[in-house]
Amino acid sequence: MTNPDIVIIGSGIGGATIASGLAGSGASILMLERGEPLPATPHTRDTRAIFVDGHYRPKEMWREAGGAPFNPGNYYYVGGNSKFYGAVLIRYRRQDFSEMEHYGGVSPAWPFSYEEFEPWYSRAEQLFRVRGALGQDPTEPFHSIPYPFGPVPDEPPIARARAELKGLGLHPASLPLGVDIDAWLRDGKTGWDAFPNTGTGKVDAQSGPLAAALADRNIRLETGAHVEYLEASSDATTIAAVHYRQNGTLMKVTPKLVILSAGAVNSAAILLRSPSPNGKGLANRSDQVGRNFMNHNSSAMLAIDPRRRNTSVYQKTLMLNDYYLSDGKGGKPLGNVQLLGKIDGYMLRANVKLAPKFALDFMAGHAVDWYLMCEDLPDPESRIMVDGKDIVMQWRRSNMQSLDGLTKVMRENFRACGYPIVLSRPFDKRTPSHQCGTVRMGDDPATSPLDPFCRSFDHKNLFVVDAGFLPNSAAVNPALSIAAQALRVADHICKTELVA
Ligand SMILES: Cc1cc2nc3c(=O)[nH]c(=O)nc-3n(C[C@H](O)[C@H](O)[C@H](O)COP(=O)(O)OP(=O)(O)OC[C@H]3O[C@@H](n4cnc5c(N)ncnc54)[C@H](O)[C@@H]3O)c2cc1C
């Protein structure tokens, strides 16, 4: 396939979902994925291999601007980062689509409303076979279709945590999850968050939309195909070719349409590296490509009761949005609280090097482990840059007051629930899990590289469909919003580009 109708770069949430939306359209589609499929080996459920030895981490270093190199937790496999994700498939709240004032500034609006986007969320939930329950969460936006399956059940220690939080007058709710718990546990008694998925237990980009897309014989996936740069036509109005390296050889493909879905960091890097007359890369008339990099401000919080063991295997079934829209006292938003997958001593060892293993095992065995997530706000100086082959990250954190506020109020809540020890630790730059914003969509070509259908304002046959398009990070996990927009863009492409 050297002249397919469409090339999709990347098989993560954005790339795989748009491929599924284009399946059956009759278009010939070539997907170029730099990674390979994840093999099923004993490492997949070995916490020491995953968290201490870094078995699955990329052999790649990024650099902090003016600082040290670091090994990012960014995964290159068929299915992308979703192979490791926590499978929380939650909608942005309706208010996230409008401007919202935070302690650290204003979160910008989307170029369309929640109401316009809602049907695409419903379709994405069906595609990812989301398990959830409506009516528990006070911030829940309108759903036109219920979840296709009931929620993943709380384990007994988590049912108790739910009751304790309710006892404080709070509203714990079931996490919407793309997890078939019976299938997951058949392959090993572990949690799924940050564990690689090689079966059907997690509905990730590969086991969900990619599997559906590849049933169409017009869609072909090439793995080990690392896209290096795009080439513009001589008048620069379109993308003429995609250049990629496979088995050491530089190859070229010349599709009619290009969909870039390499993830927020790598899509920006590909555009910035692509030759252009002004040296600023492609799709970058606005000079915003790579800018407005966001990644949630988040912390792990361990609520420990040395008198009670937490016997949970997977744990990750609850969230709390009581502080999502306000701090609860009429102040500004704080963020979302949700469970982490059950932590063990090896996972703690990856972060706390000096403590003896038995102490870490005791701590992990008596903790309920939470994830506090707050909105990071867009800032043009928070950005991804390239220096030759290197990726340079200049993450300017914003709105840290929200994380401080959420940490304080949740510490008080867990103490009130009877956990005498509450420890917290922020996640750092090596964890760019919720990267977004680097190729944002908007109405104005002067301030956004993409229009509201993720089409480049500069090159009419280029779409960027991954976390890069998100205009704000909100304070919930991003994957369902990326998937919903990918389905919306696929529908737009079918109606505007593939009509006979
Ligand atoms: C441990 C972990 C837990 C997470 N938990 C959740 C969660 O519970 N819920 C949630 O919503 N989100 C979660 N996320 C985030 C979620 O996985 C991402 O938001 C989502 O995968 C982003 O999709 P994407 O399409 O933007 O990019 P990716 O999933 O990163 O996909 C990009 C794809 O492009 C490929 N690629 C990159 N560069 C090139 C190139 N040059 N040439 C060819 N191919 C290339 C990559 O290999 C990859 O397959 C988690 C992430 C991690 C790491």
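Two strands count as paired if DSSP finds at least two bridges between them. With that criterion in place, I turn to the sheet in this predicted model.

The sheet is open and contains six strands, in the order β7-β14-β15-β16-β13-β19, and the pairing is antiparallel. Which strands stand at the edges? They are β7, residues 172–174, and β19, residues 421–426; each has a single partner strand, so one side of each lacks a neighbour in the sheet. From one strand to the next, the twist averages 25°.

Strand β7 is joined to β14, residues 318–320, by three bridges, and the two run antiparallel. Within this pairing, serine 174 has leucine 318 of β14 as its bridge partner.

Two helices pack on the sheet. Helix α4, residues 156–167, touches β7, β14, β15 (336–339) and β16 (367–374), and its direction makes about 140° with that of β7. Helix α9, residues 357–365, touches β13 (297–304), β16 and β19; the direction of α9 makes about 75° with that of β16.

Helix α9 also brings us to the second largest pocket, where it supplies three residues, the largest share of the lining. Helix α8, residues 345–349, likewise supplies at least two lining residues. The pocket holds about 240 Å³ of space. Eighteen residues line the pocket, and those closest to its centre are Ser312, Val313, Lys342, Ile343 and Asp344.

How values were computed:
Residues are numbered from 1 along each chain as its sequence is written. This is a predicted model: local features need pLDDT of at least 70, side-chain atom pairs count only at pLDDT 80 or more; totals for chains, interfaces and linings use all residues. Side-chain values use heavy atoms; hydrogens and water are left out. Helices (H or I, at least four residues) and strands (E, at least two) are DSSP runs, numbered from the N terminus. Axes are lines fitted to C-alpha atoms, for helices over the stretch in contact, and angles run from 0 to 180 degrees between N-to-C directions. Contact means heavy atoms within 4.5 Å. On a 1 Å grid over the protein atoms alone, a cavity is a set of points where a 1.4 Å probe fits but cannot get out, and a pocket is an open set with protein on both sides within 12 Å along at least five of seven lines; lining residues have an atom within 4 Å of a point. Grid points are joined across faces, edges and corners, and a volume is the space filled by probe spheres set on the points.
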